Amino acid sequence: MFWIIATTVLAFFMATFMIFMRLKASRRPASVKSIILPPLFMSTGAAMFLFPQFQLEWPQVVESIVVGVVFSIFLIRFSKFEIRENNIYLIPSKAFIFILFGLLFVRIILKLIIGSAVSLGETSGMFFLLAFGMIVSWRLAMLYKYKQLEKKLKVSST
């Protein structure tokens, strides 16, 4: 029970931190680097699967990634860019805060349900893949939107 509460509190603080980071990032122009780097940094967490207690069966892997991609739809929908002063900026969405905490709430409920039937290591692995599937699909969609605006910006400047 301690680990469930501890990881839930940690997830809450991480979500809050992400909100502040997102708001801060909206003050600076976006770039391909700023879109691509977060999933790359997060990918180092996949080293957990080298240890047997975190290894998953293939159906668990697929389920986790699919749920992550489905969750990312909300983030993709509310992540928008705009051109200001010949730069591309991410528009801060008021809905982002509610979406992030809503997804956190759903993840906590899922963790409580799954955690009662699956070991702590497997649950950790599944939720890592869920988060990774969510951030990769969200960032790929952001990259696509960014590149579309970048083309528009180049056309208008010539």
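This is a predicted model: local features need pLDDT of at least 70, side-chain atom pairs count only at pLDDT 80 or more; totals for chains, interfaces and linings use all residues.

Biologist: What makes α2 roughly antiparallel to α5?

Modeller: Angles over 145 degrees count as roughly antiparallel. The axes of α2 and α5 cross at roughly 165 degrees, and α2 is therefore roughly antiparallel to α5. The crossing of these two helices is left-handed.

Biologist: Which residues make the contact of α2 and α5?

Modeller: From α2 come V32, S34, I35, I36, P38, P39 and M42. The residues from α5 are F128, A131, F132, I135, V136, R139, M142, L143, Y146 and K147. By class, this contact of α2 with α5 has 14 nonpolar, one polar and two charged residues.

Biologist: Why are α1 and α4 called roughly antiparallel to each other?

Modeller: The axes of helix α1 (residues 2-25) and helix α4 (residues 94-115) cross at roughly 165 degrees and come within 10 Å. The limit for the term is over 145 degrees, and α1 and α4 are therefore roughly antiparallel to each other. Their crossing is right-handed.

Biologist: Which residues of α1 and α4 make the contact?

Modeller: On α1 they are I4, T7, T8, A11, F12, A15, T16, M18, I19 and R22. On α4 they are F96, I97, L100, F101, L104, I108, K111 and L112. The residues of this contact of α1 with α4 divide into 13 nonpolar, three polar and two charged.

Biologist: T7 was named in that contact. Why does T7 count as partly exposed?

Modeller: Buried means under 20% relative accessible area and exposed means over 50%, with partly exposed in between. T7, found in helix α1, has 31% relative accessibility and therefore counts as partly exposed.

Biologist: How far apart are T7 and I108 in sequence and in space?

Modeller: T7 and I108 are 101 residues apart in sequence, and their C-alpha atoms are 9.3 Å apart in space.

Biologist: How do you know that α3 and α4 are roughly antiparallel or parallel to each other?

Modeller: α3 and α4 pack at an angle of about 170 degrees, with their axes 9 Å apart. Parallel would require an angle under 35 degrees, whereas antiparallel requires one over 145. α3 and α4 are therefore roughly antiparallel to each other. In this contact F71, F74 and L75 of α3 meet F96, I99, L103, V106, R107 and L110 of α4. By class, the residues here are eight nonpolar, no polar and one charged.

Biologist: Which residues have the most contacts inside the largest nonpolar core?

Modeller: They are L75 and F81, in a core of 25 residues. At least two residues of this core are supplied by each of α1, α3 (58-77), β2 (87-91), α4 and α5 (120-157). The largest share, 10 residues, comes from α5.

Biologist: What does F81 touch, not counting residues up to four places away in sequence?

Modeller: F81 touches A30, I35, I88, Y89, L90, I91, M142, K145, Y146 and L149. There is also a second, separate core of seven residues, which includes L56, V61, V118 and M126.

Biologist: What makes E85 exposed?

Modeller: Exposed means over 50% relative accessible area. E85 has a relative accessible area of 69% and is therefore exposed. E85 lies in the loop between β1 (80-84) and β2. Although E85 is not a glycine, its phi is positive, about 50 degrees.

Biologist: Why is N86 called exposed?

Modeller: The limit is again over 50%. With a relative accessible area of 59%, N86 is therefore exposed. N86 lies in the loop between β1 and β2. Phi of N86 is near 60 degrees, a positive value in a residue other than glycine.

Biologist: How many helices and strands are there in the protein, and in what order do the elements run from the N terminus on?

Modeller: There are five helices and two strands, and the elements run α-α-α-β-β-α-α from the N terminus on. The C-alpha trace spans about 60 × 30 × 20 Å along its principal axes. Of the 158 residues in the protein, buried residues make up 34%. Among contacts between residues at least 6 apart in sequence, 84% join residues at least 24 apart.

Notes: Residues are numbered from 1 along each chain as its sequence is written. Side-chain values use heavy atoms; hydrogens and water are left out. Axes are lines fitted to C-alpha atoms, for helices over the stretch in contact, and angles run from 0 to 180 degrees between N-to-C directions. Helices (H or I, at least four residues) and strands (E, at least two) are DSSP runs, numbered from the N terminus. Angles under 35 degrees count as roughly parallel, over 145 as roughly antiparallel, 65 to 115 as roughly perpendicular and the rest as oblique. A crossing is left-handed if the near helix is turned anticlockwise from the far one by less than a right angle, and right-handed if clockwise. Contact means heavy atoms within 4.5 Å. Ala, Val, Leu, Ile, Met, Phe, Trp, Tyr, Cys and Pro count as nonpolar, Asp, Glu, Lys and Arg as charged, and the others, Gly among them, as polar. A nonpolar core is a set of buried Ala, Val, Leu, Ile, Met, Phe, Trp, Tyr and Cys residues joined through side-chain atoms within 4.5 Å. Buried means under 20% relative accessible area, exposed over 50%, partly exposed in between (1.4 Å probe, protein chains only).
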